[in-house]
Amino acid sequence: MKGKRHLNRIIGLSLIFLFIFIIFNPSDAVTSSSQVNVSVQVATRTMIDVNPERIEWIGLEPGEEGGPDDVSNQNVNAPGSIQIENTGSTNITKIWFNVSQPSARPFGSGDNGSYDAGNFIAIAKHNTGQYYFVNRLDFNESQEIVYLYVPGPSWNYGRIRNASNEYFWAVNISANPLQNCGNMPLRIGLRPHNISSTGSTNFADGLSGTEYQEFTVSIMNANWGYVDMNSGPFANYCAIIPRPACNKIYIYHWDMDAPGAGLYCFSASYFWDNATNGELKPGESVIADIVVRVPYGVYQGYVKEGVLTVIAQSETST
């Protein structure tokens, strides 16, 4: 009897295991599925990413233009260029630039920290070779230049320093302070001064077109006089002169935050403008080529590190 009961127990357990195997046999499994809908709303943001975040030129001579071959970081595809990528969620319609500048006349200071590398920067659209200063600031001369002639003591003068070429400028200051740097002539020499040539230095009346290009400085407001330069060595630049001192000159092309840009001075330009370039869509990018133009008379060593600011605008900017 014990043997029979034992055999029955074995048979029973076998039937249980067989039943379990049949129930859980994968070949007989039944699957089911259901879907989950995922919805994402992307916030409205105008954002850009600019790389590389630092460019360094080493060992430039006074009067030299630093290009791609002089950039220390050569482990990039295009040394001396920056990539501006639309990392936001809006279509970018305009891009322009600002640069840092020296707060006082650095020449003759003997202090490399008085110079600002931002004041050396010129930018071109990628592979065009048409470089323009973002916004170049130059001061009037602090010491008389004996080989330069101006019609009288009512003239301030200085140099627009463009690497190895310096162009003299002179502006007449009116006897009426209300007219200073307004409705008065600005003369810019046609031939550059450099190591091998004196250049245009005669600013006597009647020599416009042969020695200098003459413009009339218009009054923008109480603080600024302006010239929209459409000819001469600095065609496609705007020039602005602070009133009433008339002791500086700014020439700018890519700085649409400068006084008068787009309102009085139409030689200034956006680097990217949807009217001509279309919209820069999210995920797209544009390249800007950069050189630095080191003037004569810059003290040795590292000058103050300059800042190039890239500004982007969309139709809906947040």
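1. The largest nonpolar core has 48 residues. Within this core, the residues with the most contacts are Phe97, Ile123, Leu186, Ile188, Met229 and Ile251. Strand β16 gives the most to this core, namely five residues. The model under review is a predicted one. As general background, nonpolar side chains tend to be buried together in soluble globular proteins.

2. Which residues does isoleucine 188 touch, if residues up to four places away in sequence are not counted? The list comprises Ile160, Tyr167, Phe168, Trp169, Phe203, Tyr212, Gln213, Phe215, Met229 and Phe234. Isoleucine 188 and Met229 are also both named among the residues with the most contacts inside the largest core.

3. Another core, of 16 residues, lies apart from the largest one. Its members include Leu137, Ile240, Tyr250 and Ala268.

4. The largest pocket has a volume of about 940 Å³. Its lining is made up of 33 residues, and those nearest the centre of the pocket are Ile55, Glu56, Trp57, Ala117 and Val292. Two or more lining residues come from each of the elements β1 (48–51), β16 (285–293) and β17. The largest share, three residues, is that of β17. By class, the lining has 22 nonpolar, six polar and five charged residues.

5. Strand β17 also belongs to an open sheet of three strands, in the order β15-β4-β17, with antiparallel pairing. Strands β15 (272–273) and β17 (308–314) stand at the edges with a single partner strand each, so one side of each has no neighbour in the sheet. In general, strands of a sheet pair through backbone hydrogen bonds, either parallel or antiparallel.

6. How many bridges join β4 to β17? Seven bridges link strand β4 (residues 92–99) to β17, and the two run antiparallel. In this pairing, tryptophan 96 stands opposite isoleucine 311 in β17.

7. Where is proline 244 placed? Proline 244 is in the loop between β13 (237–242) and β14 (248–252). Apart from neighbours within four places in sequence, proline 244 is in contact with Pro177 and Asn180. Proline 244 and arginine 54 are 190 residues apart along the chain, and a distance of 38 Å separates their C-alpha atoms.

Key
Residues are numbered from 1 along each chain as its sequence is written. This is a predicted model: local features need pLDDT of at least 70, side-chain atom pairs count only at pLDDT 80 or more; totals for chains, interfaces and linings use all residues. Side-chain values use heavy atoms; hydrogens and water are left out. Two strands pair if DSSP finds at least two bridges between them. Helices (H or I, at least four residues) and strands (E, at least two) are DSSP runs, numbered from the N terminus. On a 1 Å grid over the protein atoms alone, a cavity is a set of points where a 1.4 Å probe fits but cannot get out, and a pocket is an open set with protein on both sides within 12 Å along at least five of seven lines; lining residues have an atom within 4 Å of a point. Grid points are joined across faces, edges and corners, and a volume is the space filled by probe spheres set on the points. Ala, Val, Leu, Ile, Met, Phe, Trp, Tyr, Cys and Pro count as nonpolar, Asp, Glu, Lys and Arg as charged, and the others, Gly among them, as polar. A nonpolar core is a set of buried Ala, Val, Leu, Ile, Met, Phe, Trp, Tyr and Cys residues joined through side-chain atoms within 4.5 Å. Buried means under 20% relative accessible area, exposed over 50%, partly exposed in between (1.4 Å probe, protein chains only). Contact means heavy atoms within 4.5 Å.
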